[in-house]
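Here are my notes on the model you sent over. Please read them with the structure open beside you.

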Amino acid sequence: MRKPAILITGANGEIGHGLITALHKKRAGDIITLDLNKLDSRISRLASEELTGNILDANLIDQLNGEYEFITIYHLAALLSTRAEFSPRSAHNVNVGGTMNLLNLALEQGKSQGKPITFFFPSSIAVYGLKNRAEKQIAGTISENRFLNPVTMYGCNKLYCEHLGTYYSRHYQRLGAEEHHCYIDFRSIRFPGIISSTTIPTGGTSDYIPEMLHTAARGETYKCFVEKDAKIPFMTMPDAVQAIQDIMVAPMKSLNQTVYNVRAFAPTADEFRDKVIEAFPQAQIEYEVNEKRQNMVDSWPADTNDSAARMDWRWNPQHDLETGMQEYLIPNVKKIYS
Ligand code: AKB
(Lines give C-alpha, C1' and ligand atoms only; values in the text may rest on other atoms or scores of the structure.)
Protein backbone atom coordinates (compact mmCIF):
# COMPACT_ATOMS: atom_id res chain seq x y z
CA MET A 1 0.00 0.00 0.00
CA ARG A 2 1.35 3.49 -0.86
CA LYS A 3 1.59 5.87 2.14
CA PRO A 4 -0.34 9.18 1.97
CA ALA A 5 2.16 12.06 2.15
CA ILE A 6 3.18 15.60 1.23
CA LEU A 7 6.23 16.09 -1.00
CA ILE A 8 8.53 19.12 -0.74
CA THR A 9 11.39 19.51 -3.22
CA GLY A 10 14.19 22.01 -2.56
CA ALA A 11 13.25 21.49 1.09
CA ASN A 12 16.59 22.76 2.40
CA GLY A 13 16.14 26.13 0.72
CA GLU A 14 14.93 29.30 2.46
CA ILE A 15 11.21 28.84 1.77
CA GLY A 16 11.60 25.10 2.50
CA HIS A 17 12.77 25.87 6.05
CA GLY A 18 9.73 28.02 6.78
CA LEU A 19 7.21 25.78 5.03
CA ILE A 20 8.28 22.51 6.69
CA THR A 21 8.09 24.15 10.10
CA ALA A 22 4.61 25.55 9.40
CA LEU A 23 3.22 22.30 7.91
CA HIS A 24 4.67 20.24 10.77
CA LYS A 25 3.12 22.61 13.32
CA LYS A 26 -0.22 22.26 11.50
CA ARG A 27 0.12 18.42 11.52
CA ALA A 28 -0.63 18.56 7.79
CA GLY A 29 0.53 14.93 7.30
CA ASP A 30 3.71 13.00 6.66
CA ILE A 31 6.29 15.23 4.99
CA ILE A 32 8.67 13.68 2.45
CA THR A 33 11.56 15.97 1.54
CA LEU A 34 13.80 15.85 -1.53
CA ASP A 35 16.89 18.03 -1.76
CA LEU A 36 20.36 17.86 -3.27
CA ASN A 37 21.79 18.51 0.21
CA LYS A 38 21.12 16.93 3.57
CA LEU A 39 18.49 18.85 5.51
CA ASP A 40 19.67 21.41 8.01
CA SER A 41 19.52 19.85 11.53
CA ARG A 42 16.98 22.55 12.55
CA ILE A 43 14.39 21.02 10.20
CA SER A 44 15.46 17.41 9.53
CA ARG A 45 13.49 16.05 12.53
CA LEU A 46 10.30 17.58 11.06
CA ALA A 47 10.46 15.38 7.95
CA SER A 48 8.94 11.88 8.04
CA GLU A 49 11.40 10.86 5.33
CA GLU A 50 14.35 12.84 4.03
CA LEU A 51 15.63 12.00 0.54
CA THR A 52 18.92 13.41 -0.70
CA GLY A 53 18.77 13.32 -4.48
CA ASN A 54 18.26 15.15 -7.76
CA ILE A 55 14.89 16.17 -9.25
CA LEU A 56 16.43 15.29 -12.65
CA ASP A 57 16.81 11.65 -11.56
CA ALA A 58 13.82 10.03 -13.31
CA ASN A 59 14.38 6.71 -11.47
CA LEU A 60 14.18 8.44 -8.12
CA ILE A 61 10.94 10.20 -9.16
CA ASP A 62 9.50 6.83 -10.30
CA GLN A 63 10.49 5.28 -6.99
CA LEU A 64 8.63 8.08 -5.17
CA ASN A 65 5.58 7.47 -7.35
CA GLY A 66 5.61 3.80 -6.39
CA GLU A 67 6.02 4.35 -2.68
CA TYR A 68 3.76 7.30 -1.87
CA GLU A 69 0.30 8.63 -2.49
CA PHE A 70 0.98 12.37 -2.58
CA ILE A 71 -1.87 14.61 -1.48
CA THR A 72 0.10 17.80 -2.22
CA ILE A 73 3.39 18.61 -3.94
CA TYR A 74 5.38 21.77 -3.10
CA HIS A 75 7.96 22.03 -5.85
CA LEU A 76 10.43 24.59 -4.44
CA ALA A 77 13.70 23.35 -6.00
CA ALA A 78 15.27 25.91 -8.36
CA LEU A 79 18.47 27.76 -9.25
CA LEU A 80 17.93 31.47 -8.50
CA SER A 81 18.50 34.40 -10.85
CA THR A 82 22.15 35.33 -10.30
CA ARG A 83 23.31 31.71 -10.12
CA ALA A 84 21.28 30.97 -13.29
CA GLU A 85 23.06 33.72 -15.22
CA PHE A 86 26.40 32.06 -14.53
CA SER A 87 25.16 28.66 -15.86
CA PRO A 88 22.05 29.22 -18.01
CA ARG A 89 22.02 25.68 -19.42
CA SER A 90 22.03 23.93 -16.03
CA ALA A 91 19.48 26.48 -14.81
CA HIS A 92 17.20 25.48 -17.69
CA ASN A 93 17.74 21.79 -16.98
CA VAL A 94 17.00 22.14 -13.26
CA ASN A 95 14.30 24.82 -13.39
CA VAL A 96 12.40 23.50 -16.43
CA GLY A 97 13.49 19.85 -16.69
CA GLY A 98 12.99 19.40 -12.94
CA THR A 99 9.55 21.00 -13.03
CA MET A 100 8.52 18.75 -15.95
CA ASN A 101 9.55 15.71 -13.87
CA LEU A 102 7.48 16.84 -10.91
CA LEU A 103 4.45 17.76 -13.08
CA ASN A 104 4.59 14.30 -14.65
CA LEU A 105 4.84 12.75 -11.18
CA ALA A 106 1.74 14.74 -10.16
CA LEU A 107 -0.05 13.61 -13.33
CA GLU A 108 0.73 9.93 -12.61
CA GLN A 109 -0.41 10.40 -9.02
CA GLY A 110 -3.62 12.16 -10.08
CA LYS A 111 -4.45 9.44 -12.60
CA SER A 112 -3.80 6.61 -10.11
CA GLN A 113 -5.74 8.37 -7.34
CA GLY A 114 -8.52 9.45 -9.71
CA LYS A 115 -8.47 13.04 -8.36
CA PRO A 116 -6.44 16.24 -8.82
CA ILE A 117 -3.18 16.60 -6.86
CA THR A 118 -2.63 20.11 -5.52
CA PHE A 119 0.69 21.40 -6.87
CA PHE A 120 2.42 24.54 -5.56
CA PHE A 121 4.97 26.33 -7.77
CA PRO A 122 6.94 29.38 -6.51
CA SER A 123 7.29 31.83 -9.39
CA SER A 124 8.88 35.24 -9.23
CA ILE A 125 8.83 38.94 -10.16
CA ALA A 126 11.64 37.88 -12.51
CA VAL A 127 8.96 36.89 -15.07
CA TYR A 128 8.56 40.62 -15.70
CA GLY A 129 10.98 42.46 -17.97
CA LEU A 130 11.24 46.23 -18.20
CA LYS A 131 13.51 47.65 -20.90
CA ASN A 132 15.18 50.28 -18.68
CA ARG A 133 14.74 52.58 -15.65
CA ALA A 134 12.59 55.02 -17.59
CA GLU A 135 10.10 52.27 -18.54
CA LYS A 136 10.25 50.96 -14.96
CA GLN A 137 9.42 54.43 -13.65
CA ILE A 138 6.48 54.81 -16.03
CA ALA A 139 5.19 51.27 -15.45
CA GLY A 140 5.05 51.72 -11.66
CA THR A 141 3.00 49.00 -9.96
CA ILE A 142 2.48 46.03 -12.28
CA SER A 143 -0.39 43.57 -12.40
CA GLU A 144 -0.08 39.97 -13.61
CA ASN A 145 -0.64 40.36 -17.37
CA ARG A 146 1.78 43.15 -18.25
CA PHE A 147 5.48 43.33 -19.20
CA LEU A 148 5.91 39.55 -19.34
CA ASN A 149 9.22 39.87 -21.21
CA PRO A 150 11.82 38.30 -18.88
CA VAL A 151 15.46 39.20 -19.62
CA THR A 152 17.07 36.55 -17.40
CA MET A 153 17.29 32.76 -17.82
CA TYR A 154 15.62 32.36 -14.41
CA GLY A 155 12.75 34.65 -15.46
CA CYS A 156 12.28 32.73 -18.72
CA ASN A 157 12.26 29.45 -16.77
CA LYS A 158 9.70 30.68 -14.25
CA LEU A 159 7.33 32.12 -16.88
CA TYR A 160 7.51 28.96 -19.02
CA CYS A 161 6.88 26.76 -15.97
CA GLU A 162 3.85 28.87 -15.06
CA HIS A 163 2.51 28.09 -18.53
CA LEU A 164 3.46 24.42 -18.22
CA GLY A 165 1.59 24.15 -14.91
CA THR A 166 -1.50 25.79 -16.38
CA TYR A 167 -1.27 23.53 -19.43
CA TYR A 168 -0.97 20.33 -17.34
CA SER A 169 -3.78 21.54 -15.10
CA ARG A 170 -6.29 22.76 -17.70
CA HIS A 171 -5.32 21.66 -21.24
CA TYR A 172 -3.21 18.50 -21.03
CA GLN A 173 -3.17 16.39 -24.23
CA ARG A 174 -6.09 18.30 -25.76
CA LEU A 175 -5.99 16.08 -28.88
CA GLY A 176 -6.05 12.84 -26.86
CA ALA A 177 -8.98 10.45 -27.40
CA GLU A 178 -9.83 10.67 -23.70
CA GLU A 179 -11.95 13.63 -22.51
CA HIS A 180 -9.80 16.11 -20.51
CA HIS A 181 -9.60 15.32 -16.79
CA CYS A 182 -7.97 17.69 -14.32
CA TYR A 183 -5.34 15.60 -12.49
CA ILE A 184 -3.28 18.57 -11.30
CA ASP A 185 -4.62 21.56 -9.37
CA PHE A 186 -1.74 23.94 -10.18
CA ARG A 187 -1.34 27.04 -7.99
CA SER A 188 1.53 29.55 -8.25
CA ILE A 189 2.70 32.72 -6.53
CA ARG A 190 5.05 35.31 -8.08
CA PHE A 191 7.22 36.08 -5.08
CA PRO A 192 9.01 39.39 -4.57
CA GLY A 193 12.29 39.40 -2.67
CA ILE A 194 11.88 37.51 0.62
CA ILE A 195 13.61 38.44 3.90
CA SER A 196 14.13 35.78 6.55
CA SER A 197 15.59 36.36 10.01
CA THR A 198 16.97 32.82 10.22
CA THR A 199 18.31 32.03 6.75
CA ILE A 200 20.27 33.95 4.09
CA PRO A 201 19.53 33.40 0.36
CA THR A 202 22.13 32.09 -2.07
CA GLY A 203 22.32 32.87 -5.77
CA GLY A 204 19.53 35.45 -5.97
CA THR A 205 19.57 39.09 -7.09
CA SER A 206 17.15 40.42 -4.46
CA ASP A 207 19.70 39.12 -1.90
CA TYR A 208 21.13 42.63 -1.27
CA ILE A 209 18.39 43.38 1.28
CA PRO A 210 18.67 40.22 3.48
CA GLU A 211 22.48 40.34 3.10
CA MET A 212 22.51 43.98 4.29
CA LEU A 213 20.50 43.07 7.40
CA HIS A 214 22.40 39.92 8.39
CA THR A 215 25.85 41.46 7.71
CA ALA A 216 25.01 44.49 9.87
CA ALA A 217 23.72 42.22 12.65
CA ARG A 218 27.04 40.35 12.55
CA GLY A 219 28.82 43.70 12.94
CA GLU A 220 30.58 43.36 9.57
CA THR A 221 30.82 45.86 6.69
CA TYR A 222 28.38 45.32 3.81
CA LYS A 223 29.07 46.46 0.22
CA CYS A 224 25.67 46.75 -1.45
CA PHE A 225 25.80 45.66 -5.11
CA VAL A 226 22.88 47.86 -6.27
CA GLU A 227 22.29 51.63 -6.36
CA LYS A 228 20.74 53.57 -3.44
CA ASP A 229 17.51 54.09 -5.38
CA ALA A 230 17.18 50.45 -6.51
CA LYS A 231 13.58 49.47 -5.87
CA ILE A 232 11.68 46.17 -6.05
CA PRO A 233 8.96 44.66 -3.80
CA PHE A 234 9.72 42.48 -0.75
CA MET A 235 7.99 40.55 2.04
CA THR A 236 9.01 38.74 5.20
CA MET A 237 9.41 34.94 5.29
CA PRO A 238 6.45 34.37 7.65
CA ASP A 239 4.24 36.21 5.14
CA ALA A 240 5.66 34.16 2.24
CA VAL A 241 4.92 30.90 4.06
CA GLN A 242 1.45 32.15 5.06
CA ALA A 243 0.72 33.08 1.43
CA ILE A 244 1.57 29.53 0.32
CA GLN A 245 -0.68 28.03 2.98
CA ASP A 246 -3.53 30.44 2.15
CA ILE A 247 -3.52 29.80 -1.62
CA MET A 248 -3.26 26.03 -1.09
CA VAL A 249 -6.39 25.84 1.08
CA ALA A 250 -8.48 28.21 -1.06
CA PRO A 251 -11.48 26.51 -2.74
CA MET A 252 -10.65 25.81 -6.41
CA LYS A 253 -13.76 27.68 -7.55
CA SER A 254 -12.60 30.93 -5.90
CA LEU A 255 -9.38 30.96 -7.97
CA ASN A 256 -9.88 32.91 -11.21
CA GLN A 257 -6.26 32.40 -12.26
CA THR A 258 -3.41 29.94 -11.61
CA VAL A 259 -0.69 32.55 -10.95
CA TYR A 260 -0.81 35.47 -8.48
CA ASN A 261 1.36 38.43 -7.45
CA VAL A 262 1.93 38.93 -3.71
CA ARG A 263 3.97 41.64 -2.01
CA ALA A 264 4.13 43.55 1.29
CA PHE A 265 6.48 46.58 0.95
CA ALA A 266 8.89 48.10 -1.62
CA PRO A 267 11.66 50.18 -0.06
CA THR A 268 14.64 51.51 -2.01
CA ALA A 269 18.00 50.05 -0.96
CA ASP A 270 18.73 53.28 0.90
CA GLU A 271 15.37 53.35 2.73
CA PHE A 272 16.09 49.83 3.99
CA ARG A 273 19.66 50.86 4.86
CA ASP A 274 18.26 53.65 7.07
CA LYS A 275 16.09 51.11 8.91
CA VAL A 276 19.07 48.81 9.47
CA ILE A 277 21.24 51.66 10.79
CA GLU A 278 18.41 52.69 13.13
CA ALA A 279 18.67 49.19 14.68
CA PHE A 280 22.46 48.80 14.36
CA PRO A 281 23.96 52.32 14.65
CA GLN A 282 27.50 50.90 14.28
CA ALA A 283 26.65 49.24 10.96
CA GLN A 284 28.99 49.94 8.00
CA ILE A 285 26.89 49.75 4.83
CA GLU A 286 28.58 51.03 1.66
CA TYR A 287 27.66 50.88 -2.02
CA GLU A 288 29.79 48.98 -4.54
CA VAL A 289 27.49 48.66 -7.51
CA ASN A 290 27.64 45.64 -9.81
CA GLU A 291 26.26 47.09 -13.06
CA LYS A 292 25.09 43.75 -14.42
CA ARG A 293 23.14 42.82 -11.29
CA GLN A 294 21.84 46.40 -11.15
CA ASN A 295 20.49 45.94 -14.69
CA MET A 296 18.68 42.78 -13.60
CA VAL A 297 17.03 44.70 -10.74
CA ASP A 298 16.18 47.53 -13.17
CA SER A 299 14.35 45.00 -15.37
CA TRP A 300 12.12 43.98 -12.43
CA PRO A 301 9.07 46.05 -11.37
CA ALA A 302 9.33 48.75 -8.68
CA ASP A 303 6.20 47.16 -7.21
CA THR A 304 3.48 44.65 -8.08
CA ASN A 305 -0.31 44.77 -7.80
CA ASP A 306 -1.62 41.91 -5.62
CA SER A 307 -5.30 42.80 -5.66
CA ALA A 308 -6.23 39.53 -7.42
CA ALA A 309 -4.72 37.49 -4.56
CA ARG A 310 -6.51 39.70 -2.03
CA MET A 311 -9.79 39.19 -3.86
CA ASP A 312 -9.61 35.48 -4.72
CA TRP A 313 -8.00 34.01 -1.59
CA ARG A 314 -8.01 36.86 0.91
CA TRP A 315 -4.26 37.38 0.83
CA ASN A 316 -3.25 39.96 3.41
CA PRO A 317 0.38 40.39 4.60
CA GLN A 318 0.96 40.53 8.35
CA HIS A 319 4.07 42.72 8.04
CA ASP A 320 4.72 46.08 6.40
CA LEU A 321 8.33 47.41 6.47
CA GLU A 322 8.00 48.89 9.96
CA THR A 323 6.34 45.94 11.68
CA GLY A 324 8.44 43.50 9.67
CA MET A 325 11.58 45.12 11.09
CA GLN A 326 10.39 45.78 14.65
CA GLU A 327 8.32 42.63 15.32
CA TYR A 328 10.15 39.97 13.29
CA LEU A 329 13.51 40.77 11.67
CA ILE A 330 15.43 42.87 14.19
CA PRO A 331 14.49 40.93 17.37
CA ASN A 332 15.37 37.59 15.71
CA VAL A 333 18.63 38.55 14.01
CA LYS A 334 19.77 40.20 17.27
CA LYS A 335 19.05 36.91 19.07
CA ILE A 336 20.90 34.84 16.42
CA TYR A 337 24.05 36.97 16.23
CA SER A 338 24.33 38.17 19.86
C1 AKB B 1 16.08 36.05 -6.89
O2 AKB B 1 16.58 37.11 -6.55
O3 AKB B 1 16.50 35.35 -7.78
C4 AKB B 1 14.84 35.59 -6.16
C5 AKB B 1 13.61 36.13 -6.81
C6 AKB B 1 13.30 37.55 -6.70
O7 AKB B 1 12.89 35.40 -7.40
N8 AKB B 1 14.93 35.97 -4.79
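The points below go from the sheet to its helices, then to single side chains.

1. Ground rules. This is a predicted model, in which local features need pLDDT of at least 70, side-chain atom pairs count only at pLDDT 80 or more, and totals for chains, interfaces and linings use all residues. Residues are numbered from 1 along each chain as its sequence is written, and side-chain values use heavy atoms, with hydrogens and water left out.

2. The sheet. Seven strands make an open, parallel sheet in the order E3-E2-E1-E4-E5-E7-E11. Strand E3 (49-52) and strand E11 (259-261) are the edges, each pairing on one side only. On average, neighbouring strands are turned by 20 degrees against each other, direction ignored. Helices (H or I, at least four residues) and strands (E, at least two) are DSSP runs, numbered from the N terminus. Two strands pair if DSSP finds at least two bridges between them.

3. Strand E4 and its partners. Strand E1 (residues 3-9) pairs with strand E4 (residues 68-75) in the parallel sense, over seven bridges. Pro4 stands opposite Glu69 in E4. Thr9 stands opposite His75 in E4. E4 and E5 also run parallel, joined by three bridges. There, Tyr74 stands opposite Phe120 in E5. Six of the eight residues of E4 are buried, so the strand is largely enclosed by the rest of the structure. Buried means under 20% relative accessible area, exposed over 50%, and partly exposed in between (1.4 Å probe, protein chains only).

4. Helices on the sheet. H5 lies across E1, E4, strand E5 (117-124) and strand E7 (184-191), at about 145 degrees to E4. Helix H9 (residues 237-249) packs on the sheet too, touching E4, E5, E7 and E11, and its direction makes about 150 degrees with that of E7. Axes are lines fitted to C-alpha atoms, for helices over the stretch in contact, and angles run from 0 to 180 degrees between N-to-C directions. Contact means heavy atoms within 4.5 Å.

5. Gln113. Where does Gln113 lie? It is in helix H5 (residues 88-113). Gln113 counts as buried because its relative accessibility is 17%. Its side chain makes a polar contact with the side chain of Lys115 (3.1 Å). A polar contact is a pair of N or O atoms within 3.5 Å; within protein, one must be able to donate a hydrogen and the other to accept it, and residues adjacent in sequence count only if both atoms are side-chain atoms. Leaving aside neighbours within four places in sequence, Gln113 touches Arg2, Glu69 and Phe70.

6. His214. This residue is found in helix H8. His214 is buried, at 1% relative accessible area. Its side chain makes a polar contact with the side chain of Tyr337 (2.7 Å).

7. Aromatic rings. Rings of Phe, Tyr and Trp (its six-membered ring) pair if their centres lie within 6.5 Å; planes under 30 degrees apart count as stacked, over 60 as edge-to-face and the rest as tilted. The count is 12 aromatic pairs. The rings of Tyr208 and Phe225 have centres 5.7 Å apart and planes at 85 degrees, so this pair is edge-to-face. Both residues are buried. Ring pairs also link Tyr74, Phe120 and Phe191 into a cluster.

8. Charges over rings. The charged end of Arg293 sits over the ring of Phe225, 3.7 Å from its centre. That of Lys334 sits over the ring of Phe280, 5.4 Å from its centre. The rule: NZ of Lys or CZ of Arg is within 6 Å of the ring centre and within 35 degrees of the ring normal.
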